[in-house]
Amino acid sequence: MVTLMQDTSLRDRTEQFSKVLIVEDAVDLCAAVDATLYDAGYDTRIANSGDQALREFYAYQPDLVLLDLGLPGMAGIDVCEAIRRMSNIPVIIFSALGETADKLEAFDRGADDYIVKGAEMQEVVARVGVALRRAHTAASEGGVSDYSDPQVHIDFGRRTAVIRGKQAELTRTEYELLVSLISAGQPMSASQLLRKVWGPEYNSDELVKWHIGRLRKKIEVDPDNPSLVVTRRGFGYMYVSPQA
Ligand code: CA
């Protein structure tokens, strides 16, 4: 569903030696992923259970977590949520579960990306790279003034959104979608949003649709009849500034 081109030139020095925590209880698969990421230049550490994942999260302070869902002890999805409460580092789910509902729940609980097991190792490496680049770009932004309208206040420096007076718990992806649409000031197609938020390697309008749906749940008064992030039939999505 998501296709990726291999383009090693996209990888820059900032990703070198980034720390990736691999959470996986299947020993052989874990070793394979570990070897692949290590060969690709990452510093890696392994956790074989959810509880160990959280301990390593504190001790190792990874730049990214690759997280299995079916784990002994604490479930992967709970690990995802726990990490998201403490940090905004990218969390990529790596799971055998490939149903839409599984993915939606993972995005809802703070995952940035979702890889279904069986994907080529090259794809795993590429998507780890994409997530780290996005995180790095986000971290190097800042110092820009805020955006404000009668319902939405964005603090670009702190990367937070306050919706109708309440801090919104947006994932990195949701935040970037919202900011991209606000900054554009005109409709953006799903593929434009994909390129802007995920990167040129991605080719899945569905991914955009899911995350727009999640974003609406968090910022709209009525997510089924959105008034902020609206769909422009035939064009894509647009942010409409509310009237005072
Ligand atoms: Ca497992």
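**Exercise 1.** Find which residues Ser49 touches, not counting residues up to four places away in sequence, and decide whether Ser49 is buried or exposed.

*Solution.*
Step 1. Contact means heavy atoms within 4.5 Å. Leaving out residues up to four places away in sequence, Ser49 touches Val23, Leu71 and Pro72.
Step 2. This is a predicted model, in which local features need pLDDT of at least 70, side-chain atom pairs count only at pLDDT 80 or more, and totals for chains, interfaces and linings use all residues. Residues are numbered from 1 along each chain as its sequence is written, and side-chain values use heavy atoms, with hydrogens and water left out.
Step 3. Ser49 lies in the loop between β2 and α2 (50-60). Helices (H or I, at least four residues) and strands (E, at least two) are DSSP runs, numbered from the N terminus.
Step 4. The relative accessible area of Ser49 is 17%, so Ser49 is buried (buried is under 20%, exposed over 50%, partly exposed in between; 1.4 Å probe, protein chains only).
Step 5. The Ser49 side chain also reaches the backbone nitrogen of Gln52, at 3.1 Å.

**Exercise 2.** Determine which residues coordinate the calcium ion and where Asp25 and Gly70 lie in the chain.

*Solution.*
Step 1. Donors are N, O and S atoms within 2.8 Å of the metal (3.2 Å for Na, K and Ca); water is not among the atoms, so sites may look incomplete.
Step 2. Asp25 (OD), Asp68 (OD) and Gly70 (O) coordinate the calcium ion at 2.2 to 2.3 Å. Their spacing in sequence is D-x42-D-x1-G.
Step 3. Asp25 and Gly70 link distant parts of the chain, 45 residues apart. Asp25 is in the loop between β1 (19-23) and α1 (27-39), and Gly70 is in the loop between β3 (64-67) and α3 (76-86).
Step 4. Asp25 is partly exposed at 33% relative accessible area, and Gly70 is partly exposed at 49%.

**Exercise 3.** Work out the order of the strands in the sheet and which strands stand at its edges.

*Solution.*
Step 1. Two strands pair if DSSP finds at least two bridges between them.
Step 2. Five strands form an open sheet, ordered β2-β1-β3-β4-β5, with parallel pairing.
Step 3. β2 (43-47) and β5 (113-116) each have a single partner strand, so they stand at the edges.
Step 4. β4 (residues 91-95) and β5 run parallel and are joined by four bridges; Ile92 has Asp113 in β5 as its bridge partner.

Notes: Polar contact = N/O pair within 3.5 Å; in protein donor to acceptor, adjacent residues only side chain to side chain.
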